[in-house]
Amino acid sequence: MVDRWPAAPTAPELVLETDTGSTVIDPARAYRVGRDPNSDIVIEDARVSWHHAVLRPDGDHWTLEDAQSTNGTWADGRRIRQWTVGPGSVIRFGSPSDGPCAVLADRPAPQRPASVSMPAHTVTFRSPATVHPLPTRTVRIGRAAENDLVVDDLVVSRRHAELRALPGGGYEIVDLGSHNGTFLNGAPVSRAPVGPGDIVGIGHSAFSLVGDELQEYVDTGEVSLDVQDLTVAVDRGRKVLLDHVSFPVGEKCLLAVVGPSGAGKSTLLNALTGLRPADQGTVVYDGRDLYRDYAELRQRIGLVPQDDILHAQLTVRAALGYAAELRFPQDTAKAERRERVEEVIRELGLEQRADQHVHSLSGGQRKRVSVALELLTKPSLLFLDEPTSGLDPGMDRSVMHMLRDLADDGRTVVVVTHSVLSLDVCDRLLVLAPGGRIAYYGPPGEALEFFDCEHWPEAFEAFERDQGRDWAGEYRASPQHRQYVLDDDAQPRLTRSGPVVMLPPARPRSRGAQLGTLVRRYAAALAADRTFLAVMIALPFVMGAMARALAGGELTRETALNALLILCVGGVLTGAANAVRELVKERVIYQRERAVGLSRSAYLMSKVVVLGTVTVVQAVVLTLVALLGVDLGAPDGKGVLLPPLVEIAFAVALLAFTAMMLGLVISALVRKEEVTMPLLVLLAIVQVVFCGALLKLDGVVGLEQVSWLVPSRWALGAMAGTIELSRTVPGDLTADPMFRHATDVWLLNIAMLVVLSAVLGFVVSRLLRRREPAVMRRS
């Protein structure tokens, strides 16, 4: 059983009353008293020194310390150098009898939102940004200027929600069909009663009924993070990946996480971002339980994976524009999105690169663009996984300084890295030892001395060499643990009751709108890929020319079967080659966009629409190049239902489309893009063997049943039936019942291609689901 350390004691908030007024003194800082106009408490009296005294929090109480003043400081009737003071203490400066007087008093406890832990120790809930009197009528909240409460936030819909005063007293919040959702105490709601202290979350703003006021709190990005006792185990608890990890992260902090391979860095990242919640413990986001309120707070988390989350064929501006279109509400105007894109381009210093294609940028510049993409929605927490991987030392330092600037601008930034070249720019360093235990947490400058090493390689060698050493125990016993974990931990321990229920995010746009954006983006990316265009254009002409050379002027006994076989091979290669790399190469992009509300069906349909259109056009071109003007030898020059050339083109197009779906299955199944080409060759061979042109399949147990799953089997049957191949090429192969020139047989062949396409589409959807973050598999 792990020890649970109590939260560090905190001095109370007090009121310091002087002749000139009252000052609320906050235990988060010290207060200087003196005649200096820059003092926190200014006393204009000749007996008071320029810098007279300091009032500072000290554990659970306040201490008054004389700053070597000329005339002295008196507290509770005695002259002091240092004295503990509290409510009721009377302080005089410069004279014990008639010097300026100050009295300390308890501050009445302010009313705060009920679901926030220690609001005085948070930035967001320390004090409201605006205060409104409680409404006596319906108040509409949204981004548009005509709302009663205007929330200037692009993730908020124009008409987002209404706070309604009920006839019998009390209030309710009603969502007006917003795209990113309305939340009550962290949970999404469409209509719900609102009580005193409840938090209504809309975008980055929170509204709460406190006393006789409607208080608005705004998450400006300066948030603290308190990681409490995170534990992750797999294999039914037999292998621990994170072992009771606890540490605080302050506002505007840049934290680096380092450690040897297998120390749990990626597991910690997944737990902190909510992609894979910890089995035990929780994360406190500025006083709120991140796991409990994840549905609302996920919008405020940005994650930059190790691989780029960009389409390399697009320009920087275009890539950010499409991302903004997917992430902002559907009612966001194009001008608003464009303005936000330009803001992040300027913030990341990308003005000179905005119209360059992403693939032409250096590794460090591409990482800047990935960060810019995440900054579109103004996250308060920004996580990065190995942002300097593969970069030279100069670019490594440039990226780390960029992260330093982002933290200084008012964000909390956590970077998981193997590089130790630029740790000095970080505020805090977390070193994880094997087994997911904390070996060190504190300033980077003290880490090597703590490990008694001169260089980082020595420390990592020690982890490998001394595997039985209790690194976590040594750190817990160290002064660094007390100073940087216990004393800095402002939040009490929050207990988790039951398993974490993680809801999928709201969709910023409808499936149809997402589909439109995805189709345009994918088409633009393919059009900018010159290699793809060259192959796409050349392949049907090459395959068609081969079939044409074999067919000559008419399909004869010697040429007909082989010409149809080449059409089958051409259709299969055309469709499968188009799709076989398309999902695996975008996997990181899909996973990130899925985590912020992208519809799986919209993503898959965008591939089907764009690739399907390209594939069908290619198949028609292939057929026309091969057979236009050729005597097909169909009975009486007619097909089964349509002209022979039209029927054959239709069968080839449907075969190519089904092969494209099969290519998507392969692409969703494999882990690496390099594996796809050998599988494409194998796929083509299987189609040739089981199409019925080389082997007798009818009546052969085993082979016939396997051939039912092969698209080329049905496509060749449809084409053979169109020209009545058994009449042109008599024999055992062409006597196959699937080759008959009959309406029912031809329709069966076509129907089976349609069924196979639908089944393969379902399989692709299931495979995509397997690659998604755990929280998204419910939708």
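1. The second largest cavity holds about 70 Å³ of space. A cavity here is a set of points on a 1 Å grid over the protein atoms alone where a 1.4 Å probe fits but cannot get out, and the volume is the space filled by probe spheres set on those points, with grid points joined across faces, edges and corners. Bear in mind that this is a predicted model, in which local features need pLDDT of at least 70 and side-chain atom pairs count only at pLDDT 80 or more, while totals for chains, interfaces and linings use all residues. Residues are numbered from 1 along each chain as its sequence is written, and side-chain values use heavy atoms, leaving out hydrogens and water.

2. Who lines that second largest cavity? The list is Ala323, Leu326, Arg327, Pro508, Gln514, Glu593, Val596, Gly597 and Leu598, lining residues being those with an atom within 4 Å of a point. Helix H3 (residues 316–327) gives the largest share, 3 residues. Helices (H or I, at least four residues) and strands (E, at least two) are DSSP runs, numbered from the N terminus. By class, the lining has 5 nonpolar, 2 polar and 2 charged residues; Ala, Val, Leu, Ile, Met, Phe, Trp, Tyr, Cys and Pro count as nonpolar, Asp, Glu, Lys and Arg as charged, and the others, Gly among them, as polar.

3. Now H3 itself. H3 packs with helix H5 (residues 363–375) at an angle of about 25°, the axes lying 9 Å apart; axes are lines fitted to C-alpha atoms, for helices over the stretch in contact, and angles run from 0 to 180 degrees between N-to-C directions. That makes the two, H3 and H5, roughly parallel (angles under 35 degrees count as roughly parallel, over 145 as roughly antiparallel, 65 to 115 as roughly perpendicular and the rest as oblique). Val316, Leu320, Ala323 and Arg327 of H3 meet Val369, Ala372, Leu373 and Glu374 of H5, where contact means heavy atoms within 4.5 Å. The contact of H3 with H5 has 6 nonpolar, no polar and 2 charged residues. Ala323 and Arg327 are also among the residues that line the second largest cavity.

4. On the H11 side the contact includes Arg511, Gln514 and Tyr522, and on the H15 side it includes Tyr603, Lys607 and Leu611. In this contact of H11 with H15, 12 residues are nonpolar, 3 polar and 2 charged.

5. The largest cavity has about 320 Å³ of space, and the structure holds 7 cavities of 30 Å³ or more. Its lining has 21 residues, with Arg298, Gln299, Ile301, Ala595 and Val596 nearest the centre of the largest cavity. Helix H2 (294–297), strand E28 (301–304) and helix H14 (587–595) each supply at least two residues of that lining, and E28 gives the largest share, 3 residues. The lining of the largest cavity splits into 12 nonpolar, 5 polar and 4 charged residues.

6. One more helix pair is worth a look. Helix H13 (residues 560–579) and helix H16 (residues 644–669) pack at about 40° with axes 7 Å apart, so H13 and H16 are oblique to each other. Gly571, Gly575 and Ala579 are among the H13 residues in the contact, and Ala656, Ala659 and Gly663 among those of H16. The contact of H13 with H16 has 12 nonpolar, 4 polar and no charged residues.

Terms used. 1 Å grid on protein atoms, 1.4 Å probe; cavity = no way out; pocket = protein on both sides within 12 Å on 5 of 7 lines; lining within 4 Å.
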